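Work through the exercises below with the model open. Try each task before reading its solution.

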Amino acid sequence: MVQINSLPSKPIQIKSIPRDTEKFYGLFIAFSIITVWVVSLIFLLSTHISHFSIGLIVPAMVWQTFLYTGLFITAHDAMHGVVYQSDLKLNHAVGKLSVLLFGLFSYKHLLTKHWLHHRHPASELDPDFHDNEHKHPLMWYFHFMKGYWSWKQILGLIVAFIVIRFGFHVSTVNLVLFWGLPTILSSIQLFYFGTFLTHREPDGGYTNPHRAQTSPYSEFWSFISCYHFGYHLEHHEHPDVPWWQLPAVYKMRTHS
């Protein structure tokens, strides 16, 4: 299994939760996100669309999109080995499950690309960066997604759609609104807040070796926007810190 090997980072001590429970905390958060996603999806797919008012459909889609983003952030933490550091086999198993539920992605493929991203951020060797010609966020997004989707994966999703639609008699409308669209919207959310805003070149050029910048949102909006992934310089400087501890790193950096 490939391990993330980023630029050296300074050791950091974060006072957050008792040390004897800390090693299980990441696992608890990961399984909480996965469980809530499963329960929410089952409820939304099994409830007839006529029971939802127009005013509830959009919030339900936004909620499911947010949970999908949580799945990917969980997989991302697993790639860094911080979901459960005491057992990397279990740690990576959680990552595999998360990207499988997210969209039948290959965890190994994502891990390899993420390793390249950390080694060569915002460069021609970075699979998450634009192609140096089409820097507009929309074109960058399509270039970004093209490197992660495969025909095998698309075929798998089509088969899954058919099985759920006819095997479990789930409405096509429910599948589109609460299963299909949230996945796409989540990918846009992850790209915009976690790649475009954080790795686009500033007017004065890049100022650090990680070629990354932080979105200075409040802790609440940082969580809502992308599970603190906007604290991106902090993540690149300390890739061994889980997403839920990034606000503490951000505060330490901005108040030092």
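Buried means under 20% relative accessible area, exposed means over 50%, and partly exposed lies in between (1.4 Å probe, protein chains only). The model is predicted: local features need pLDDT of at least 70, side-chain atom pairs count only at pLDDT 80 or more, and totals for chains, interfaces and linings use all residues. Residues are numbered from 1 along each chain as its sequence is written, and side-chain values use heavy atoms, with hydrogens and water left out.

**Exercise 1. Describe how helix 7 packs on helix 8.**

Solution. Two numbers are needed. Two packed helices are described by the angle between their axes and the distance between the axes. Axes are lines fitted to C-alpha atoms, for helices over the stretch in contact, and angles run from 0 to 180 degrees between N-to-C directions. Helix 7 (residues 172-199) and helix 8 (residues 219-226) have axes that come within 9 Å and cross at roughly 135°. Now classify. Angles under 35 degrees are roughly parallel, over 145 roughly antiparallel, 65 to 115 roughly perpendicular, and the rest oblique. Helix 7 and helix 8 are therefore oblique to each other. Q189, L190 and F193 of helix 7 meet I224, S225 and C226 of helix 8. By class, this contact has four nonpolar, two polar and no charged residues. Here Ala, Val, Leu, Ile, Met, Phe, Trp, Tyr, Cys and Pro count as nonpolar, Asp, Glu, Lys and Arg as charged, and the others, Gly among them, as polar.

**Exercise 2. How many salt bridges does the structure hold?**

Solution. Apply the cut-off: a side-chain nitrogen of Lys or Arg within 4 Å of a carboxyl oxygen of Asp or Glu. The structure holds two salt bridges.

- K251 pairs with E219, with the closest N and O atoms 3.0 Å apart. K251 lies in helix 10 (residues 246-254) and E219 in helix 8, so the pair ties together parts 32 residues apart in sequence. K251 is partly exposed at 43%, and E219 is partly exposed at 38%.
- R253 pairs with E234, with the closest N and O atoms 2.5 Å apart. R253 sits in helix 10 and E234 in helix 9 (residues 232-237), 19 residues apart. R253 is partly exposed at 34%, whereas E234 is buried at 0%.

**Exercise 3. Classify the ring pair F66 and Y227.**

Solution. Rings of Phe, Tyr and Trp (its six-membered ring) pair if their centres lie within 6.5 Å; planes under 30 degrees apart are stacked, over 60 edge-to-face, and the rest tilted. The whole structure has 29 aromatic pairs. F66 and Y227 have ring centres 4.5 Å apart and planes at 15°, so the pair is stacked. F66 is in helix 2 (residues 54-79) and Y227 in the loop between helix 8 and helix 9, 161 residues apart. Both F66 and Y227 are buried.

How values were computed: Helix = DSSP H or I, 4+ residues; strand = E, 2+ residues; numbered from the N terminus. Contact = heavy atoms within 4.5 Å.
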